[in-house]
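Dear colleague,

Please find the structure below, handed over for your records. My notes on what was found in it follow directly after.

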Amino acid sequence: MNNSQNMKRCFRCGLPETYETIEFDSYGVCNICRQQDFKKEVIDWGERKKLFDALIAEYRGKYDYDCIVPFSGGKDSTFTLYYLVKECKLKPLVVQFNHGFMRPNLIENNERTFKALGVDVVSFTPNWKVVKRLMREALIRKGDFCWHCHTGIFSYPMHLAIKFNVPLVLWGEPSSEYTAYYDYRDNEIESVDEVRFNRFVNLGITAEDMKGMIEQDFDLDPRDLLPYTYPPLRDLKKLGYQSLCLGSFIPWDVKSQSRLIMDHLGWKGDEVEGMPPDIYGYEKIECQMQGVRDYLKFLKRGYSRVTQMTALDRRNGLMTQDEAEILINEWEGKKPPSLTLFLEYLDMTESEFNEIVMKLTIPPFKPEFEEIKWGKKTSDFDSWYREQKKL
Amino acid sequence: MTIGIIDVGLGNIGSLSGALYSQGWDIELIDSPEKIKQVTHLILPGVGSFSVAMERLERSGLSKAIKFFAQDGMPILGICLGMQLLADKGVEGGLCAGLGLIHGDIRPFGVVQPFRFPHVGWNVMNKQASHPVLSGIKAGADFYFVHGYHFTVRDKSDIVGLTDYSLNFASVIANRNVLGVQFHPEKSQKNGLRLLDNFCNWSGGC
Amino acid sequence: MLKKRIIPLELLKNDRLVKSCNFSEHRDVGHPIKSSKVYSDQDADELILLNIGDGDLEFDNLVRVVGKLAFECFVPLSAGGGIRKFGDAEKLFEAGADRVVLNSACYSTPLLIKEIADEYGGQSVVVGIDVKFTNGRYLLYSNSGVIETGLTLDDHIKTVINLGAGEILIQSIDRDGMMQGLDLILLTQVLSFSSIPVIIAGGTGSFMDLKSAFDLGVDAVACGSLFNFGDNNPLRAKSFLKNYGIPLKIL
């Protein structure tokens, strides 16, 4: 297999040294594991809950909506919406940014959720032609074609906060669940703001950067990039905005939260390319391109979604290293069928794709393309969008 | 609230204005005593020489106006040279009286190998006492320093933060409603912005 | 103890940031203000902004960009490229630069260093030195790598220090944009000649390259390509370096 086995890894969860923000302590345990320990053993969640109750009391009933809830339909945003409506009895404005790759099961989940909870929903779908050009540029510069999605999801709701005059924006899980850009051990409430946006959400590229990068060969109207542009801080400050994660106030627990929304909302998981369906069917079900995304991660860093998922289970003592390695060897590192669609959208050949990726690999890992086999299709693959053939 | 920034040509105030503006504060540039009436907070920035700065403050009448503002219990923040101007006296450019709002005097760093002077770069501010203006700033946080002189306080109780560079000098000082920071918060990213925000939210009480 | 620094090196041309390879082939890498803000949010310790266009218009553009940058980014800023006389430096300081970077002027009018240092302090002057390795020696070039000056590293460094410079920015033209590693032999030489802080630039391709330079004792590393091509940023560089005990700024 590829040289992913030579990388330094966390003794407890197995995440490798190429994982972003990872740092190992003198015991060989990573900071992500240590953050989780702190979350469970030190953070006073009773206090945090009190803070939250005070926070929502500040905003309840005072504006056209009590808060904005950015929503993708995945397990985290579905749970967040459920909690805010059912437990907190808030009146939210649900804001959905449609990245263009929503799967049929997701759309059904969303309809069920919105109707069961009874909420107002705004959904925004950006210009597909612009999206395709952005995907290409992001792939080349950063090896991550989801720039439009990352930036749209985090910018667009902020624009609506200003437009609708709704200062409170509530997100789901804090980033400290997965990375150390923000550390649970600082015992602070993470602010989902422009600094965070620039630290890792936008891959270091703003809409203004993108404009110059794509306008040479693409017919761009500058307004095309507004949905991806973070609004000025001064405007948000004047609004009195607060943009926070529910997971900063209640301890995030993906497994029990997924079970809850399955039971109470009939939320359904789905197969995802490259993932063992029975165990992790609740993860990353939103996007058709998830398989390509995970594939890119593997090519660049030598690990992917299965490693990440089993790391969470190993960290929580739910899985042994041997069990994890069996899953990783069976499911990880295969070429997803969605790659063919991706190449079609971007009008690119597989060898062009490989060439681009080779420039972006993160040492010490190096992919060996000839050894990579095709993975399984998902059952809804044939219903996914195909570009019309050019006449 | 309106934040006044003393502006008598003592160096660029673009970053300081921008830092406050972007955080949603309304600012007023103060180059004459009358304008001080309009503000709720006063910031005294500064780059350059002690005696030149004091001469300009005296000539414009601002020196007196700042002292009255302080007497009224209004919050004042001195930054870098601005902090040094709060002292009783300084020696740069010749012995010269300062505003006398926090007792002490300004001295140059001595020659101490292997330290290079002026003190330029990121260095730790060690909190000695708590103060509303430092709220939310982690212990051991670094700030950006550029200076060749330092503040020696008369009353140790005025020291809020110390920094170690050839000697332990006062990097944050405070006396009632008057505060001074030796580093540049407008160049110190997250913590600097937080400090400025805390100052603008502070009413001057302790 | 002063912390080591990671400095994004930004090249300004026609109102956009560009990146070069061996000082040519310029590629658009972003909007000067927004990119700078991103770097600052990613914990960069300073920014160096160099104008690589020719002529007065381009220089005025630099001054304008510095003004806007100072208003939106709250991190120390060094600016240069085309400074020929005291008035040029003065404009940059008034616009909000903390330091100016002099390069070609150090060969044609070295006393300019003293003039600026006397007025604004030595710490406000960074001397940029561009070199190519030819026939076993480092040759110093002016005018963006075009004119060979005939000076040696040793002599030139001593001269600028005597005139009051505060810091040296040493850049390898050969390594520029190649992402194959910094010229550590060059760095070793410069560190031995210089009693003032040194920033090295040209060739950083991985975080290991940064570590190697810090291990030799450099004060700062300036990077261009590293943060523009590839999934890297100052935050990640610092995480990596922290694992090796390099003393970096804590926010």
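A:Arg234 and B:Asp26 form a salt bridge through their side chains, at 2.9 Å from N to O; the term stands for a side-chain nitrogen of Lys or Arg within 4 Å of a carboxyl oxygen of Asp or Glu. Between chain A and chain B the count is five salt bridges. On the side of chain A that touches chain B, the residues comprise five charged, one nonpolar and no polar (Ala, Val, Leu, Ile, Met, Phe, Trp, Tyr, Cys and Pro count as nonpolar, Asp, Glu, Lys and Arg as charged, and the others, Gly among them, as polar).

This is a predicted model, in which local features need pLDDT of at least 70 and side-chain atom pairs count only at pLDDT 80 or more, while totals for chains, interfaces and linings use all residues. Residues are numbered from 1 along each chain as its sequence is written, chains are lettered from A and ligands numbered from 1 in the order in which they are written, and side-chain values use heavy atoms, with hydrogens and water left out.

In the same interface, six residues of chain A are in contact (heavy atoms within 4.5 Å) with 10 residues of chain B. The two chains bury about 660 Å² between them, 36% of it on carbon and sulfur atoms; buried area is the accessible area (1.4 Å probe) that two parts lose on being put together, summed over both. Within chain A, the most area is lost to chain B by A:Glu188, A:Arg234 and A:Lys237, together 67% of what that side buries.

C:Leu153 touches residues including C:Ile129, C:Ile170 and C:Phe193, not counting residues up to four places away in sequence.

Some backbone features also deserve a note. The peptide bond from B:Gln113 to B:Pro114 is cis, with omega near -5°, and that from B:Phe117 to B:Pro118 is cis, with omega near 0°. B:Arg176, not a glycine, has a positive phi of about 50°; at 66% relative accessibility, B:Arg176 is exposed. C:Asp15 has a positive phi near 70° and is partly exposed, at 36%.

Yours sincerely

Note on methods: Buried means under 20% relative accessible area, exposed over 50%, partly exposed in between (1.4 Å probe, protein chains only).
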